[in-house]
Structure formats: structure tokens, C-alpha cells
Amino acid sequence: MSATGTFTPHPGAAPLPRMIRAQAALETRMLLRNGEQLLLTVIIPALLLVLFSAVDIVDTGSGKSVDFVAPGVLALAVMSTAFTGQAIATGFERRYGVLKRLGASPLPRWALMTAKTCSVLVTEVLQVVLVTVIAFALGWSPHGNPLAVLLLLVLGTAAFSGLGLLMAGTLKAEATLAAANLVFLLLLVGGGVIVPLEKFPGAARSVLELLPISALSDGLRDVLQHGAGMPWGDLGILAVWAVLGLGAAARWFRWE
Amino acid sequence: MRNEPAVEVVGLVKRYGAKTAVNGLDLSVARGTLTAVLGPNGAGKTTTIETCEGYRRPDAGTVRVLGLDPVADSAALRPRVGVMLQSGGVYPGARAEEMLRHTASLHAHPVDVDALVERLGLAACGRTAYRRLSGGQQQRLSLAMAVVGRPELVFLDEPTAGLDPQARHATWDLVRELRADGVTVVLTTHHMDEAEQLADDVAIVDGGKVIAQGSPERLCKGGAENTLRFGGRPGLDLGSLLKALPAQSAAVELTPGTYRVSGEVDPQLLATVTSWCAQNGVMPDRISVERHTLEDVFLELTGKELRA
């Protein structure tokens, strides 16, 4: 090869941190550009927060409504991004061959998953800031240990990501779209987000309490509303879901 | 190492359930060449290419790409191999230029993105979301993504499917330039003219096997004989011409004043005929070489009936 042309081979992967940064930035842009995703991750949580804090629709017990609703909406925000949003987006990426094509790029699969996680975390930070600002405007007075809150949010993200990716990697894209929205709706109602679990009959309640959304909203409420220490029980439930979900996703996720 | 083939497929078998997609396929691609894998729909082209790309594991046989195993050595191969899928591969909401820039950022020494965008006529739709691009624009973006990382080897699965003639020629020019710059190119197509125009080597695939492989010239020669026709005064004595021509050739006067020479029509034969004409004071008129096209060869080999 004497002369150097435009396409004279000079292959090589970019440095890993650069690839992951670029991929995470792209994934985040895709998410923020998608109207339906924004409805799910921003508008619905914000609306629920305002509506249920300002109007006494559900009896949320003693104290200000916002002190009960805000932790639930934080849990909902995590679920909407890590589970529903991620499942739908990844399902369609699989369907449109995006995952397949990226599989032929220098980006390793684990790095793609890392980038997806980064993009979920960035979105969650934006959501938490938004929810917190609105909640403060509504007179929220949170208590508790910020570390416990952070731990709950991280474990909750891991649990919901595992379940979302499991769904996206095994079902058809349309089925994922339908199922992820249905699960979102069911867990919104039955997961202690805005309706206290005490409203449910005892037998149903003991099952509902084991759901990841219940553990997350209950844990956040224990800390932020009641100023409890480490909510070990809820952290434990989330950890089990995280291990099961991520393990199953790793085992059964199909890239095409 | 430079002499080992870029792609070496031996006895590849790939089944999907009860259906055998590839059935003992052999293919060898020399480095720096452009190979066209030609065949009807369902012949096993895409399965073969995707096995080389590491997407599928062979049920039997071996596949080596740049001397490596496409599945086991995927991490080492991926930066060196460019891939254009038959369709899709891009986030529906990603803008054309954004996606190309992103793909470039995954490589250490990418091609200049602006120049590539310009070159493939993607500048006007650079800010358009992928799902709103025309089929041809999507194809060109996909091609650009395959070459932007300056790979040693590219696999292009039907790169010109659905393109209008201008876009098709732009793609051909780019593919020729890749080859000229030393990139090994493997493309699938069911356009004979594409294979004939571009390829150093053509592998005709049918029923999951390579049924013929060689340069377009050699494949075309392999079929029925080629012919040369010319017009002149009627009643020429062809005896002296036959003496001058190679042994297997024939010459006849088809109709008064129209002559046909058949045999291995090469430049030497043409020269022999024209110098014979000069010696006999004949001005050869409407001289034409009728070569078999790859299409003739293809249809001869794969049959003319429509496939289910």
C-alpha cells in the first residue's frame, strides 16, 4: 500500500471511556427527544405529584399530602425510566436492528449496557431534581439520611433495569410496549405510589409489599417522611429483585 | 500473513430448524479484492455473510475472517471489519449525520465525516431523523457507517437494493474507491450487472452452495462460446481466415455479406480478423463482439424458473 487514500485501512477501536461516553450521550439524547418517553418520565410523575398533593383524592393519612406523595412519585420516576422507558426503547432497538448493528461495532456489549445504565441514571437525576423542586414548591419537608435515599434509588434502578431488559430482550417489541405500559399502570395503582397499601385487604397487601415498586416507595417514605434509618427490609427486597432480574436478563436476553 | 485469504469459508452448514439455509458452502476471498456473492433470494447469501460477521455460529464447517474466528475473536475483529446490514441498524429517532458521527467516534482513526456525508449525498438530509429518510438515504447512511472506521474488510449486504440509478452509481464509485485504497470488499447482490461491473471475483450461490466462482470474464467464458460478427462484401472466401484463426474457431457467412466468427473471442482473435480483412481489401462493417453476460451464465446455472 503506497499512496494513502481516503479509505486506506487504519482500523482501531476508540478508547473505551470515549466509546461509553459517546454511547451514553447518544442514548440520553434519543430518550429526551422521544415525546412518549418524556410523557412517561417527566410529565406523568410531575402531574401526579401536583394533583395528589394539592387535591385530597386519596386519604394519605395524617400530615401533609405532599410528604406522602413525593417519595411515591420519586419511586415512580425510577420505575418509569429504568423499567418502562428502558424496556420500550430497548425492545424497539432490538426490533430495528440497532442492537445487532452495535454488536458489530467496536463497542463491547457490556460497554453498551454500561452506557444504557449511565443514560438511565442521567435521566433519573433530572427527574429527581424536577420532582424535588416541585415538591418543595408544594411545601414538602423531607427528613432522613440522604445516603439511605441514594441506596434505595440505586438498588431500585438495578431491580427495574433487570426486569425491563428481561422484557425487552425476550418479547416482541409490540408486546414489550403493551406489557411495559400495563405493568407501569398496575404498579402505579398497586405499588404504594399514591394509594397507601393499607387500603388493600390484608392478603393482597402482603403480596403487594413484595413488589419492587412497593419496596422502593415504602423505603423512601420511611426515610423521607418518617425519618427512619436504613430501611433494610425494603433494601433486601430490592436487592433480591435486582439479582433475579439482572441474572435472568443476562441469561435470556436475545440481541436480535 | 498477508497472503492468507481475508475470508475463508469451508464446508459451512447452517440450519434454521428443519430448513437448511447453507449446505456445505466454500468461499475464499483474497485480500484486497472485491468479491460479489451473487444468487437468487433465499440462496443463503445473507446467512453466509452473517456467519462471517460473527452473528451466527456454523452448524458445521469452519469460517475464518482475517485469520480469526468471527465468534471467539469477535473483540479483535470488530474494529477491523465494517458491516452494512441488509436493513435497519439505526435508532429511528437518530439524525443521519448524528448517527454517522457517533459511529465514527467508536473508531480510533475514522474517515472525515463531513467529506463522507458530502460524498454520499447525505448533506441535505443530515439533520433528518432516520425514520424519515427515504429508503435510498437509509441505505447510503448504512454504507457510510460500514466504512467510516477505515476497516480492512467490509461486508455489504445488498448495498444497492432499492437505490435509484444515481445513488447506485455513487455507491459503485465508493465501492471501487474502497478497493483501490486496499480495502477487501465482500458484497451480496442479485444484480448481475453490479457483479460484472465491480467484482474481481464472483461467487454464484444457489441452494446454500457456491455453484461457480471466478472472475466475471472467466465465468462468462465458461458458458457457451462467444461470437464476433461483421459485415463485408458477400461471398468472401473464409478458408484463409480459418487458417489464421485458432483451431477451435469457426467462421460462417450467415446471410450474404454478414459473417460470424465463433470461438474464444479475445483481443488476439479480433486482431486476426481485422488484419485478414485488411489483406483482402475488406472494410469490416458493424463489427461487434457478442459476449455472454453474467446474467446468461447465472440463468444457465440456476435455472430460469421462478423461485417459490
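Visitor: Which strands does helix α5 of chain B lie across, and at about what angle does it run to β5(B)?

Guide: Helix α5(B) lies across β5 and β6 (153-157) of chain B, and runs at about 170 degrees to β5(B). Such angles run from 0 to 180 degrees between N-to-C directions, with axes fitted as lines to C-alpha atoms, for helices over the stretch in contact. This is a predicted model, in which local features need pLDDT of at least 70, side-chain atom pairs count only at pLDDT 80 or more, and totals for chains, interfaces and linings use all residues. Residues are numbered from 1 along each chain as its sequence is written, while chains are lettered from A and ligands numbered from 1 in the order in which they are written.

Visitor: How do you know how confident the predictor is in chain B?

Guide: The predictor's confidence in each residue is its pLDDT, from 0 to 100; the mean for chain B is 91, and 96% of its residues reach 70 or more. For the complex, the predictor gives an ipTM of 0.88 and a pTM of 0.84.

Visitor: How many helices and strands does chain B have, and what makes a stretch count as one or the other?

Guide: Chain B has eleven helices and 13 strands. Each is a DSSP run numbered from the N terminus, a helix being H or I over at least four residues and a strand being E over at least two.

Visitor: How do you know that β5(B) and β6(B) are paired?

Guide: Two strands pair if DSSP finds at least two bridges between them, and four bridges join β5(B) to β6(B), which run parallel. Within this pairing, Gly82(B) stands opposite Val154(B) in β6(B). Five bridges likewise join strand β3 (residues 34-38) of chain B to strand β7 (residues 184-189) of chain B, also running parallel, and there Leu34(B) stands opposite Val185(B) in β7(B).

Visitor: Why are β5 and β9 of chain B said to stand at the edges?

Guide: The sheet is open and mixed, with six strands in the order β5-β6-β7-β3-β8-β9 (chain B). Both β5 (81-84) and β9 (209-214) of chain B have a single partner strand, so one side of each is left without a neighbour in the sheet. From one strand to the next the twist averages 15 degrees. Helix α11 (residues 294-302) of chain B lies across β3, β8 (201-206) and β9 of chain B, at about 30 degrees to β8(B).

Visitor: Which way do the residues of β5(B) point?

Guide: In a regular strand the side chains alternate between the two faces of the sheet. Here Val81(B) and Val83(B) point one way from β5(B), Gly82(B) and Met84(B) point the other way, and all are buried.

Visitor: What makes Arg286(B) buried or exposed?

Guide: Arg286(B) has 9 C-beta neighbours inside 10 Å, so it counts as exposed. Its place is in strand β13 (residues 285-290) of chain B, and its phi is near 45 degrees, again positive in a residue other than glycine.

Visitor: How do you know the class of Val113(B), and which residues is Val113(B) in contact with?

Guide: Val113(B) has 19 C-beta neighbours inside 10 Å and therefore counts as partly exposed. The residue is found in helix α4 (residues 113-119) of chain B. Contact requires C-beta atoms, placed from the backbone, within 7 Å; leaving aside neighbours within four places in sequence, Val113(B) is in contact with Leu100(B), Arg101(B), Ala104(B) and Val148(B).

Visitor: Which residues touch the most other members of the largest nonpolar core, and what makes a group of residues such a core?

Guide: A nonpolar core is a set of buried Ala, Val, Leu, Ile, Met, Phe, Trp, Tyr and Cys residues joined through C-beta atoms within 7 Å. Of the 84 residues in the largest one, Leu38(B), Leu100(B) and Ala144(B) touch the most other members. Helix α5 (residues 135-147) of chain B gives the most to this core, with six residues.

Methods
Buried ≥ 20, exposed ≤ 12 C-beta atoms within 10 Å, placed from the backbone. Contact = placed C-beta atoms within 7 Å.
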